[in-house]
Amino acid sequence: MDFKDEINRILKHEAEAVLNIPVNDEFEKAISLIVEQVHRKGGKLVTSGMGKAGQIAMNIATTFCSTGTPATFLHPSEAQHGDLGILQRNDIMLVISNSGKTREILELMTLAARLYPELKFIVITGNAESLLAESADICLYTGGPKEVCPLGLTPTTSTTMMTVIGDILVVGTMKAIDFDKSQYALRHHGGYLGQLSREGSKKG
């Protein structure tokens with residue numbers, strides 16, 4: 001197969017997977033819950049995931065922080081060695097597992113709920129029938145697409161879905177709280193984006 005044809009095949013596979021993410025009321029519920037817990041009750045968003053999903057969860061947390069929603073990443077294994085203490089009342093958790101069976105994530109949810117029984121969980125998963133999905137207050141299903149990896153094993157398409165769903169939550173929350181360029185500039189002083197946001201807020 002020609003290399004360009006292979007690239008186009010990968011792009012088509014990923015694009016179709018994104019367009020097939022089930023769009024339902026769970027997204028609006030998730031955004032409303034984040035706004036309620038963080039912006040009205042003074043909590044924060046705590047994200048978690050293991051392996052590649054953990055890297056996506058960390059990225060989602062930093063993106064939320066720069067767009068006005070306090071968030072932090074909690075490593076599921078380190079949580080069992082004291083880091084669970086980052087949780088406070090009114091926090092909300094966003095946990096990610098493609099299989100919905102990740103042991104460390106399931107254990108984290110059990111421990112977190114034991115610490116704060118009222119804690120709410122938003123889950124991003126590729127397995128809507130999993131114990132993780134059933135344990136969630138809100139489940140955001142990726143659609144469970146096949147990985148574009150030739151082995152069908154390496155997290156590729158699944159992590160793209162996680163990232164896109166994270167973007168939906170971030171953008172939806174930004175709009176819900178009327179986050180603007182002047183507020184962005186206060187949180188992002190350095191680099192080109194900081195300069196651009198300050199110029200934009202001055203024009204506004």
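## Helix packing around α6

In this predicted model, the axes of helix α3 (residues 52–66) and α6 come within 10 Å of each other and cross at roughly 15°. Because angles under 35 degrees count as roughly parallel, α3 and α6 are therefore roughly parallel to each other, and their crossing is right-handed. From α3, the residues Lys 52, Ala 53, Ile 56, Ile 60, Thr 63 and Phe 64 take part in this contact, where they meet Thr 159, Met 162, Thr 163, Gly 166, Leu 169, Val 170 and Thr 173 of α6. By class, the residues of the contact of α3 with α6 divide into seven nonpolar, five polar and one charged.

Helix α6 (residues 157–176) also packs with α2 (residues 25–40), the two axes coming within 9 Å and crossing at roughly 55°. That angle makes α2 oblique to α6, and α2 passes α6 in a right-handed crossing. On the α2 side the contact involves Phe 27, Ala 30, Ile 31, Ile 34, Val 35 and His 39, which meet Ile 165, Ile 168, Leu 169, Gly 172, Thr 173 and Ala 176 in α6. Nine nonpolar and three polar residues make up the contact of α2 with α6, with no charged residues.

For α1 and α6, the axes come within 10 Å and cross at roughly 45°, which makes α1 oblique to α6; this crossing, too, is right-handed. The contact is formed by His 13, Glu 14, Ala 17 and Val 18 of α1 together with Thr 157, Thr 160, Met 161 and Val 164 of α6. Four nonpolar, three polar and one charged residue are found in the contact of α1 with α6.

| Helix pair | Axes come within | Crossing angle |
|---|---|---|
| α3 and α6 | 10 Å | roughly 15° |
| α2 and α6 | 9 Å | roughly 55° |
| α1 and α6 | 10 Å | roughly 45° |

The N-terminal end of α1 is capped by Asp 2, a side-chain oxygen of which lies 2.9 Å from the backbone nitrogen of Lys 4.

Glu 26 is found in helix α2, and the side chain of Glu 26 reaches the backbone nitrogen of Cys 139 at 3.3 Å. Leaving aside residues up to four places away in sequence, Glu 26 touches Asp 137, Ile 138, Cys 139 and Leu 140.

Notes
Residues are numbered from 1 along each chain as its sequence is written. This is a predicted model: local features need pLDDT of at least 70, side-chain atom pairs count only at pLDDT 80 or more; totals for chains, interfaces and linings use all residues. Side-chain values use heavy atoms; hydrogens and water are left out. Axes are lines fitted to C-alpha atoms, for helices over the stretch in contact, and angles run from 0 to 180 degrees between N-to-C directions. Helices (H or I, at least four residues) and strands (E, at least two) are DSSP runs, numbered from the N terminus. Angles under 35 degrees count as roughly parallel, over 145 as roughly antiparallel, 65 to 115 as roughly perpendicular and the rest as oblique. A crossing is left-handed if the near helix is turned anticlockwise from the far one by less than a right angle, and right-handed if clockwise. Contact means heavy atoms within 4.5 Å. Ala, Val, Leu, Ile, Met, Phe, Trp, Tyr, Cys and Pro count as nonpolar, Asp, Glu, Lys and Arg as charged, and the others, Gly among them, as polar. A polar contact is a pair of N or O atoms within 3.5 Å; within protein, one must be able to donate a hydrogen and the other to accept it, and residues adjacent in sequence count only if both atoms are side-chain atoms.
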